[in-house]
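Subject: Structure handover, with notes on the strands

Hello,

Please find the structure below. My notes on what was found in it follow.

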Amino acid sequence: MKRFFSLFLALLLLALGGCGTKTAAPSVTEQTEPQAAAQTENGTQTETAPAQTTAPAPADTEPAEPELGTKKVGNTVYKMTFNDEFDGDALDPDKWYIPESKGDEIWEGASHLIKSSEALVQEGELRIRSRLNEKGTPVTVAICTLDKFSQAYGYFEARMKFSSMTGWWGAFWMMCGDMPHVDGSPADGIEIDVIETCGVKDKKVNHALHWDGYGPEEVSRSWESDSRPDLYTGWHTYAVEWTKDAYIFYIDEKETWRVTDIEIYPLPGVLILSNQFGEWTGPLDTSKLPDYTYVDWVRVYLPAEE
Ligand SMILES: [Ca+2]
């Protein structure tokens, strides 16, 4: 079933006009100051808002929540390099690029239009809408950080809420390097699917890695959860920890999948949040549209000591 997804991605790569060959240095130096102040002023992220104080907590209380700009994963302390809390009223053009369909053009291999109108920022959330347009054509959107932000290694996390509707699926993923280049190796390019709801009809979710293009030489690794109806109700966090030795995946901060026996891609990749239509994920009941994938925030980190 991944073939359909991957074919779409190949076309997305073409539309991105070089995403697949992007090897520029990470722009993290432009993003070294996380936008914690904005959240503090807004006040909508109270559970993670930094305590702007240097006063030590009393010794007999629980440790304070780490401030928004840092995160500890295992023994690694990470410092934030990029985030979007989606607290405004529109997508931030300094952070996101949308590879829009031209007019009514549907890319070969895809089954829907991609339109910026379907990326809604409301009530502190990104709402990625799937619907039929006035002509009855499926329309949704993918947003990516192409030419805005990219990073090699680190911790990449999003807090998301997925729909249990079949016929389309949501995803948080990354495109890195020359993924289509067929050389038997993922060291020159890889697609990292942090989370996808390809198994929505069985209430499963998956992580995946793909390399060497989307043709017959494509190599894929994937992990699929057991049936997890809980992941289709309410908010959950999904992350990949990308180190020089491993890709480690997490759901709600609990490790779910670790890949260490492939060459690790060493250059920056871009972030993508998307919905895609495809009845291979189950029948599409258009009477239930519009529907949404929700993203509360996206946060990216690098080890603090590097
Ligand atoms: Ca390759």
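This is a predicted model, in which local features need pLDDT of at least 70 and side-chain atom pairs count only at pLDDT 80 or more, while totals for chains, interfaces and linings use all residues. Residues are numbered from 1 along each chain as its sequence is written.

β13 and its partners

Five bridges join β13 to strand β14 (residues 247-251), and the two run antiparallel. Strands here are DSSP runs (E, at least two residues), numbered from the N terminus, and two of them pair if DSSP finds at least two bridges between them. With four residues between them, β13 and β14 form a hairpin. Within this pairing, Tyr238 stands opposite Ile251 in β14.

Strand β8 (residues 154-161) is also joined to β13, by seven bridges, again antiparallel. Here Tyr155 has Glu241 in β13 as its bridge partner.

Strand β13 (residues 236-242) is largely enclosed by the rest of the structure, because six of its seven residues are buried. Buried means that 20 or more other C-beta atoms, placed from the backbone, lie within 10 Å of the residue's own.

The six-stranded sheet

An open sheet is formed by six strands in the order β7-β16-β9-β10-β11-β12, with antiparallel pairing. Its edge strands, β7 (142-144) and β12 (219-224), each pair on one side only. On average, neighbouring strands of this sheet are turned by 15 degrees against each other, direction ignored; the axes are lines fitted to C-alpha atoms.

β7 is joined to strand β16 (residues 269-277) by three bridges, and they run antiparallel. Leu273 in β16 is the bridge partner of Ile143.

Regards

Technical notes. Buried ≥ 20, exposed ≤ 12 C-beta atoms within 10 Å, placed from the backbone. Axes fitted to C-alpha atoms, helices over the stretch in contact; angles between N-to-C directions.
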